[in-house]
Amino acid sequence: MSEALDSLLDLLDLERIERDIFRGASRSAVVPRVFGGQVAAQALVAAGRTVPEGCQAHSLHSYFLRMGDPGAPIVYSVDRIRDGRSFTTRRVVAVQHGQPIFHLSASFQTYEEGLEHQVTMPDAPDPETLPTAAGMMPRYADRFTDPGMIDRLLEARAAVDLRYVEEPPFATAGQPREPRSQVWFRTRGKLADDPLLHVCLATYVSDMTLLDSVLLAHGRGGWAIGDVVGASLDHAMWFHRPFRADEWLLYDQESPTSSGGRGLGQARIWTQDGRLAITVIQEGLIRVPRGQ
């Protein structure tokens, strides 16, 4: 297991303060605020630690309310909304400096048999044939006005092997493209056989690239380039089938629309053998700075 993955797992290992109150550490993202995927994953950890054994997360719906302060811990308060025979529901509020910064509702289900069908997995190249982030990103160092940006991008993704199928938005800024993007990802090391851990790590990664397809449609390079400013507004996920976050997962993303300073991203996450594991939808605030 890599040192970076070890550090990420420590970040997700929340401290239990009371029966339904947890505390998590924070750290900076590429921009000077807490990464949204971190807050969402930590909130799901908090929810998952209050449900009966055998209940697995099947959906989450969340709102990002305020920017997180990377210099302060985050307190997660869990509300036990419902404990049923098949479904268990939890609500989590993340608080910093006395104010809520994030709200999550999550539903868990005990396993049962049911009708089965799925759409066909899209075509994608073998992830092992694609360049790693460390091999790809330095090629675009001249796109960033901040000389330290490449190092920060690589550090932010050091726990995850994330490989773009096509060039990322910052590589083709100024050239509008089809609003679709694919990446393969997996953790840099094996994980324990804890379904909640794999779900939480997929939640963490799901916030990294989902709005790329919005940027591609308009030829924008993104927050690291500085030709847009923005933030995640809400995030929803449905977990359909078991998967492992330490095995290759295809994140197939697209943007059907953007308007009113907001862009919508929707995606499906597939296992390498073609099983549809997760559906993701997110809306983000995307503003063009004046003069651009």
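Student: Which residues is Leu250 in contact with, leaving aside its neighbours within four places in sequence?
Tutor: In this predicted model, Leu250 is in contact with Met121, Pro122, Ala124, Gln182, Val183, Trp184, Arg268, Ile269 and Trp270. Leu250 itself is found in strand β10, residues 249–259.

Student: Why is Leu250 called buried?
Tutor: The relative accessibility of Leu250 is 0%. Buried means under 20%, so Leu250 counts as buried.

Student: And what makes His97 exposed?
Tutor: Here the cut-off is over 50%. His97 has 61% relative accessibility, so it counts as exposed. The place of His97 is in the loop between β5 (87–96) and β6 (99–110), and its phi is positive, about 55°, although His97 is not a glycine.

Student: How do you know that Cys55 is in no disulfide?
Tutor: A disulfide needs two cysteine sulfur atoms within 2.5 Å. For Cys55, the nearest cysteine sulfur is that of Cys200, and it is 14 Å away. Seen from Cys200, the nearest cysteine sulfur is that of Cys55, so Cys200 is in no disulfide either. The structure holds zero disulfides.

Student: Are those two cysteines buried or exposed?
Tutor: With under 20% as the limit for buried, Cys55 at 10% counts as buried, and Cys200 at 1% is buried too.

Student: What makes Arg180 and Asp252 a salt bridge?
Tutor: The rule asks for a side-chain nitrogen of Lys or Arg within 4 Å of a carboxyl oxygen of Asp or Glu. The side chains of Arg180 and Asp252 meet at 3.0 Å, N to O, so the pair qualifies. Arg180 lies in strand β8 and Asp252 in strand β10, so the pair ties together parts that are 72 residues apart in sequence.

Student: Why are β1 and β7 said to stand at the edges?
Tutor: The open sheet of twelve strands has the order β1-β2-β4-β5-β6-β3-β9-β12-β11-β10-β8-β7. β1 (15–18) and β7 (160–164) each have a single partner strand, so one side of each is left without a neighbour in the sheet.

Student: How do you know that β3 and β6 pair?
Tutor: Pairing takes at least two bridges. Nine bridges join β3 (residues 55–64) to β6, and the two run antiparallel, so they pair. Tyr63 stands opposite His103 in β6.

Conventions: Residues are numbered from 1 along each chain as its sequence is written. This is a predicted model: local features need pLDDT of at least 70, side-chain atom pairs count only at pLDDT 80 or more; totals for chains, interfaces and linings use all residues. Side-chain values use heavy atoms; hydrogens and water are left out. Helices (H or I, at least four residues) and strands (E, at least two) are DSSP runs, numbered from the N terminus. Buried means under 20% relative accessible area, exposed over 50%, partly exposed in between (1.4 Å probe, protein chains only). Contact means heavy atoms within 4.5 Å.
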